[in-house]
Amino acid sequence: MNASNRPIAQEGMGYLVVKVSTALGAVPLAGASVIIRDSTDGSPIRYSLVTDTDGLTERVPLPAPPRSLSEAPPTSDALPYGLYIVEVFADGYADRFYRNVAIFEGITSVQPVLTVPLTEGANPDSSDGRRLHGTGGQTV
């Protein structure tokens, strides 16, 4: 079951790349830690990755429902995509969390992550509004 309690037929594979940057996307952020989990709260880590000098993770496979579910009107409550959580941590930057990142069978999705530098002495997990959340991704 996913976050909206709909069944998901996990029969294929989709792919995800996470692109981490700062300065409104102008500067890639190397060395950021990226965690990918299923969309269920408390689910185990599927991948623990680190971004390269271009701010990119490696392309990782993730289970996704069959492509046919997204090519016709729905005939059941099954979603035509898999849902995942992406968490990003980097020293000196606010933590970023993305829920409901959609993965379609046979497609590579790119999740852009714009990081925000912390002010000196700030805690990335504090309640000062600097812990940032988002949803969704881009499919290419």
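Me: Where is Gly-31 found?

Reply: Gly-31 is in the loop between S2 and S3. Strands are DSSP runs numbered from the N terminus (E, at least two residues; a helix would be H or I, at least four). Before going on: this is a predicted model, in which local features need pLDDT of at least 70 and side-chain atom pairs count only at pLDDT 80 or more, while totals for chains, interfaces and linings use all residues. Residues are numbered from 1 along each chain as its sequence is written, and side-chain values use heavy atoms, with hydrogens and water left out.

Me: What does Gly-31 touch, not counting residues up to four places away in sequence?

Reply: Val-50, Thr-51 and Asp-52. A contact is a pair of heavy atoms within 4.5 Å. Gly-31 and Asp-91 are 60 residues apart along the chain, and their C-alpha atoms are separated by 9.0 Å.

Me: On to S3. Which way do S3 and S4 run, parallel or antiparallel?

Reply: Antiparallel, with five bridges joining S3 to S4, residues 45–50. Strands count as paired if DSSP finds at least two bridges between them. Six residues lie between the strands of this hairpin, and among them Gly-42 has a positive phi near 80°.

Me: And how many bridges between S3 and S6?

Reply: Six, also in the antiparallel sense. Ser-33 has a partner on each side: Val-50 in S4 and Phe-89 in S6.

Me: How many salt bridges does the structure hold?

Reply: Two. The criterion is a side-chain nitrogen of Lys or Arg within 4 Å of a carboxyl oxygen of Asp or Glu. One joins Arg-37 and Glu-87 at 2.9 Å, N to O. That pair links distant parts of the chain, with Arg-37 in S3 and Glu-87 in S6, 50 residues apart. Glu-87 counts as buried because its relative accessibility is 11%.

Me: Which side chain does Asp-38 meet in a salt bridge?

Reply: Arg-46, at 2.5 Å, N to O. Asp-38 is partly exposed at 24%, and Arg-46 is partly exposed at 37%.

Me: Change of topic. Which residues of the largest nonpolar core touch the most other members?

Reply: Leu-16, Val-18, Val-20, Val-34, Ile-36, Val-86 and Val-88, out of 20 residues in that core. Strands S1 (12–22), S3 (33–38), S5 (60–64), S6 (82–89) and S7 (96–103) each supply at least two of its residues. A nonpolar core is a set of buried Ala, Val, Leu, Ile, Met, Phe, Trp, Tyr and Cys residues joined through side-chain atoms within 4.5 Å.

Me: How much of S1 is buried?

Reply: Eight of its 11 residues, which makes S1 mostly covered. Leu-16 has contacts beyond its neighbours within four places in sequence, including Ile-36, Val-60, Leu-62, Val-86 and Val-101.

Me: Where does the charged end of Arg-59 sit?

Reply: Over the ring of Tyr-15, 3.7 Å from its centre. That calls for NZ of Lys or CZ of Arg within 6 Å of the ring centre and within 35 degrees of the ring normal.

Me: How many aromatic pairs does a search of the whole structure find?

Reply: Two. Phe-89 and Phe-97 have ring centres 5.6 Å apart and planes at 80°, so that pair is edge-to-face. Rings of Phe, Tyr and Trp (its six-membered ring) pair if their centres lie within 6.5 Å; planes under 30 degrees apart are stacked, over 60 edge-to-face, and the rest tilted. Phe-89 is partly exposed at 28%, whereas Phe-97 is buried at 11%.

Me: Last one. Where does Thr-115 lie?

Reply: In the loop between S8 (108–114) and S9 (132–135). Thr-115 is buried, with a relative accessible area of 6%. Not counting residues up to four places away in sequence, Thr-115 touches Val-20, Ser-21, Thr-22, Leu-29 and Tyr-93.

Technical notes. Buried < 20%, exposed > 50% of the residue type's maximum accessible area, 1.4 Å probe, protein only.
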